[in-house]
Amino acid sequence: MARFTRIDVALKMKETGIVPVFYHADAAVAKKVLKACYEGGARVFEFTNRGDYAHEVFTELTKYAAEELPEIILGVGSVVDAGTASLYIQSGTNFIVSPLLNPDISKVCNRRKIAWMPGCGSVSEISYAEELGAEIVKIFPASQVGGPEFIKAVKGPMPWTNIMPTGGVLPAKENLSQWINAGAFCVGLGSQLFVKNENGEYDGEKITNTVKESIEIIKELR
């Protein structure tokens, strides 16, 4: 069962401004990266549903977060059907992110009052997602969909729309400025955030620092 309401999820996404997006098949590695992000100030974290047995890794991560990092809001991404959404809801996810718009997922999430962020690529899809109850929509891959200019264009006739771009967002001031100034509600940060050291392992200290800097940049911009 989710530990946070969908209102909690939306408010925390807005407050911190970033959502680290990560996947690894090894739960120990996922825990290390989750903790590094948490120490940098991230409070919302998306584990992507990729690879065999990803739900088992997620379940372990959820239990770890509940015991060791109680403020972190853990959710799952890359969910494309209602069955998979149900599986992760049963595993304790606090939100579901999808690369596409599937109304069947909205029914499952709304029934359990779980935050749902569908992937949209047009104004019509965004409007339909909001009609289905989405508080925040994801544009993905954000740079290919139209970049910051797309968000700016949507916010003109639909200023109430909350958009989270993912894909093509970099943890650097110049890039973050473009997205936030265009009106992004928050941003999803993927592979560019998760740097490795010389040994090929994820560099926890560097990840923590980059998360911290990204959150500070977004606070300044707002």
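This is a short tour of the structure, stop by stop.

**Before you start**

The model is predicted, so local features need pLDDT of at least 70 and side-chain atom pairs count only at pLDDT 80 or more, while totals for chains, interfaces and linings use all residues. Residues are numbered from 1 along each chain as its sequence is written, and side-chain values use heavy atoms, with hydrogens and water left out.

**Stop 1: the whole chain**

Show the protein chain as a cartoon. It has 10 helices and nine strands. Both come from DSSP runs numbered from the N terminus: helices are H or I with at least four residues, strands are E with at least two. Along its principal axes, the C-alpha trace spans about 45 × 40 × 25 Å.

Of the 222 residues, 51% count as buried. Buried means under 20% relative accessible area, exposed means over 50%, and partly exposed lies in between (1.4 Å probe, protein chains only).

Now think about contacts, meaning heavy atoms within 4.5 Å. Take those between residues at least 6 apart in sequence: 62% of them join residues at least 24 apart.

**Stop 2: the cores**

Select Leu34, Cys37, Ile96 and Val187. In the largest nonpolar core, of 63 residues, these four touch the most other members. Helix α2 gives the most to this core, with seven residues. A nonpolar core is a set of buried Ala, Val, Leu, Ile, Met, Phe, Trp, Tyr and Cys residues joined through side-chain atoms within 4.5 Å.

Zoom in on Leu34. Leaving out residues up to four places away in sequence, Leu34 touches Phe45, Leu61, Tyr64, Ala65, Leu69, Ile72 and Leu74.

Another core lies apart from the largest one. This other core has 15 residues, among them Phe4, Met117, Met164 and Phe185.

**Stop 3: helix α5**

Select residues 103-112, which form helix α5. Which residues of α5 are buried? They are Ile105, Ser106, Val108 and Cys109. These residues lie on the same side of α5, because they cover an arc of only 165° around the axis. The arc is that of the directions from the helix axis to the C-beta atoms.

Turn to the other side of α5. There Lys107 and Arg111 are exposed.

At the start of α5, a side-chain oxygen of Asn102 reaches to within 2.9 Å of the backbone nitrogen of Asp104. After α5 comes Lys113, with a positive phi near 55°.

**Stop 4: salt bridges**

The whole structure holds five salt bridges. Each is a side-chain nitrogen of Lys or Arg within 4 Å of a carboxyl oxygen of Asp or Glu.

Begin with Lys12 and Glu15. Their closest N and O atoms are 3.3 Å apart. Both residues lie in helix α1 (residues 6-16), three residues apart, about one turn of the helix. An α-helix has 3.6 residues a turn, so residues three or four places apart point the same way.

Next, select Lys152 and Glu149. Their side chains meet in a salt bridge at 3.5 Å, N to O. They are three residues apart in helix α8 (residues 147-155). Lys152 is partly exposed at 45%, and Glu149 is exposed at 52%.

Then go to Arg43 and Glu71, with closest N and O atoms 3.1 Å apart. This pair links distant parts of the chain, 28 residues apart. Arg43 sits in the loop between α2 (27-39) and β2 (44-48), and Glu71 in the loop between α3 (54-68) and β3 (73-77). Arg43 is buried, at 16% relative accessible area. Glu71 is partly exposed, at 46%.

**Stop 5: the end of the chain**

Select Ser214 in helix α10 (residues 204-221). Is Ser214 buried or exposed? Ser214 is buried, at 1% relative accessibility. Not counting residues up to four places away in sequence, Ser214 touches Ile18, Pro171, Leu176 and Leu189.

Finish at Arg222, in the segment after α10. Arg222 is partly exposed, with a relative accessible area of 41%. Beyond its neighbours within four places in sequence, Arg222 is in contact with residues including Lys14, Glu15 and Phe185.

Conventions:
Polar contact = N/O pair within 3.5 Å; in protein donor to acceptor, adjacent residues only side chain to side chain.
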